[in-house]
2 protein chains.
Amino acid sequence: MSRVIDFYFDFISPYAFFSAMKIEEIAERYDAQVEWHAMLLGVSVKNVMGLKPPIETPLKGAYMISDFKRLSALYDVPLKLTDDNFVPKPLPPARAFCWVKGQAPEKAVTFAKAVYHEKWIDGHDISDPKILARQAVKVGLSGPDLLEALDGEQVKKSLKASVDRSLARGVFGAPTFIVDDEVIWGHDRIWMLEHWLEYGHW
Amino acid sequence: MSRVIDFYFDFISPYAFFSAMKIEEIAERYDAQVEWHAMLLGVSVKNVMGLKPPIETPLKGAYMISDFKRLSALYDVPLKLTDDNFVPKPLPPARAFCWVKGQAPEKAVTFAKAVYHEKWIDGHDISDPKILARQAVKVGLSGPDLLEALDGEQVKKSLKASVDRSLARGVFGAPTFIVDDEVIWGHDRIWMLEHWLEYGHW
């Protein structure tokens, strides 16, 4: 049985976006499976850690913008930063992901990557249910069903359970990787994930 | 004329310690000079960014402890973590560094590395003026002069000026490297510093 990398992400994070574009390829190289889990930075950063959003933090916020641009260049991954709608509302895309995962787990990764693409490469508002429905249709699910589900209690419970499980495992930032109970935080620690996959020790 | 890497550090940070052990060797490889600058995480994190100390932050604090241990193993650099005196008072060693730099700039790096060694390899309390005086003597300066200077106004002003300059350049964390006006934060971004030194672009 191949190993499992638990991958915790929030669609609002460009850092998680960079990892989302790479993680499947890395896992394949080490014969591992990736299990994608929605988490919410708003919950971990604000409610649990008691911090303000990093992007709104003096000095650090400005640094992050320049960091995003550099990493986009260094990774050769396009990244569209917009002034007017920089941070989308996190709940609609996270709930949509939970719904897709519930309906058809094998389509969840394709859906998640498409939503990341919509936001961070195309610059679209992934808080917009219509955009999420369009992506649901592309993976072969029903757009109207998604739109209906987004307002329902079930998907809210599903996301809340996902977020609660992430916190219980010590996940506070995105992206976070967990393999063999080793928690590794940050897209710039992918080298550490690869080290563990390769050697199984530090 | 060789390039200058401005290196901002706080003695209380194990991440800055790891960088302090490597930065001179990296600079040498790229024919660059390192200019060491004391900054204070207490000022940038608490006063400017309005955050609590990361090590006291729920989830993140515990993660950092495991991160320090892993990096110590991965870098093969010993790191002594103590329960009883984990975070030393930052002002005495930072002021001592400013005093040494003022007295004999060419001895400042040796002194700084020795102070880091005292704390993070030997586990000693670098808030203790006697320990700082011992290191001053080792680099050929007067222990009693350092002890007297630590209580004086001049070294306080000197450190405050150093901290103010770091903030003016956008430095909020330790370690931070600045080369050619490019601000690079974090010991785990040394690869980014090396990239810039090698290519001069992103």
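## Helices H1 and H5 of chain B

H1(B) and H5(B) cross in the left-handed sense. The model is a predicted one. The axes of H1(B) and helix H5 of chain B, residues 108-121, come within 10 Å and cross at roughly 135 degrees.

On the H1(B) side, the contact is made by Pro14(B), Ala16(B), Phe17(B), Ala20(B), Met21(B) and Glu24(B). On the H5(B) side, the residues are Val109(B), Lys113(B), Tyr116(B), Trp120(B) and Ile121(B). Sorted by class, this contact has nine nonpolar residues, no polar residues and two charged residues.

## Helices H1 and H3 of chain B

Helix H1 of chain B covers residues 14-29, and helix H3 of chain B covers residues 60-75. The two pack at an angle of about 15 degrees, and their axes are 10 Å apart. An angle under 35 degrees counts as roughly parallel, so H1(B) and H3(B) are roughly parallel to each other. H1(B) passes H3(B) in a left-handed crossing.

From H1(B), Pro14(B), Tyr15(B) and Phe18(B) take part in the contact. They meet Met64(B), Asp67(B), Phe68(B), Leu71(B), Ser72(B) and Tyr75(B) in H3(B). The classes here are seven nonpolar residues, one polar residue and one charged residue. Pro14(B) is listed in the contact with H3(B) and also in the contact with H5(B).

## Helices H6 and H7 of chain B

Another helix pair in chain B is H6, residues 129-138, with H7, residues 143-150. They pack at an angle of about 135 degrees, with 8 Å between their axes. H6(B) is thus oblique to H7(B). Their crossing is right-handed.

H6(B) contributes Pro129(B), Lys130(B), Leu132(B), Ala133(B), Ala136(B) and Val137(B) to the contact. H7(B) contributes Gly143(B), Leu146(B), Leu147(B) and Leu150(B). By class, the contact has eight nonpolar residues, one polar residue and one charged residue.

## The sheet of chain B

Chain B has an open sheet of four strands in the order E2-E1-E3-E4, with mixed pairing. Strand E2 (32-38) and E4 of chain B are the edge strands, and each pairs on one side only. From one strand to the next, the twist averages 20 degrees. H1(B) packs on this sheet and touches strand E1 (3-9), E2 and E3 of chain B. The direction of H1(B) makes about 155 degrees with that of E2(B).

Strand E3 of chain B, residues 176-179, and strand E4 of chain B, residues 182-185, pair in the antiparallel sense over four bridges. Thr176(B) stands opposite Trp185(B) in E4(B), and Val179(B) has Glu182(B) as its bridge partner. E3(B) and E4(B) form a hairpin with two residues between them. In the turn, Asp180(B) has a positive phi of about 50 degrees.

## The sheet of chain A

In chain A, too, there is an open sheet of four strands, with the order E2-E1-E3-E4 and mixed pairing. Strand E2 (32-38) and strand E4 (182-185) of chain A each have a single partner strand, so one side of each is left without a neighbour in the sheet. The twist averages 20 degrees from one strand to the next.

Strand E1 of chain A, residues 3-9, pairs with E2(A) in the parallel sense over seven bridges. Within this pair, Phe7(A) stands opposite Trp36(A) in E2(A). Helix H10 of chain A, residues 190-199, packs on the sheet. H10 touches E1, strand E3 (176-179) and E4 of chain A, and its direction makes about 10 degrees with that of E3(A).

## How the two chains are related

Two copies of a chain are related by a rotation about an axis and a shift along it. Here a rotation of 180 degrees, with 0.0 Å of shift along its axis, superposes chain B on chain A with an RMSD of 0.0 Å. The two copies are thus related as by a two-fold rotation axis.

Which residue of chain B comes closest to the rotation axis? Leu51(B) does, at 3.2 Å for its C-alpha. The same surface serves both copies, as 100% of the contact residues of chain B recur in chain A.

How values were computed
Residues numbered from 1 in each chain as written. Chains lettered and ligands numbered in written order. Predicted model: local features only at pLDDT ≥ 70, side-chain atom pairs only at ≥ 80, totals over all residues. Heavy atoms only, no water. Pairing = 2+ DSSP bridges. Axes fitted to C-alpha atoms, helices over the stretch in contact; angles between N-to-C directions. Contact = heavy atoms within 4.5 Å. Parallel < 35°, antiparallel > 145°, perpendicular 65-115°, else oblique. Left-handed = near helix turned anticlockwise from the far one by under 90°. Nonpolar A, V, L, I, M, F, W, Y, C, P; charged D, E, K, R; others polar. Least-squares fit on C-alpha atoms with pLDDT ≥ 70 in both.
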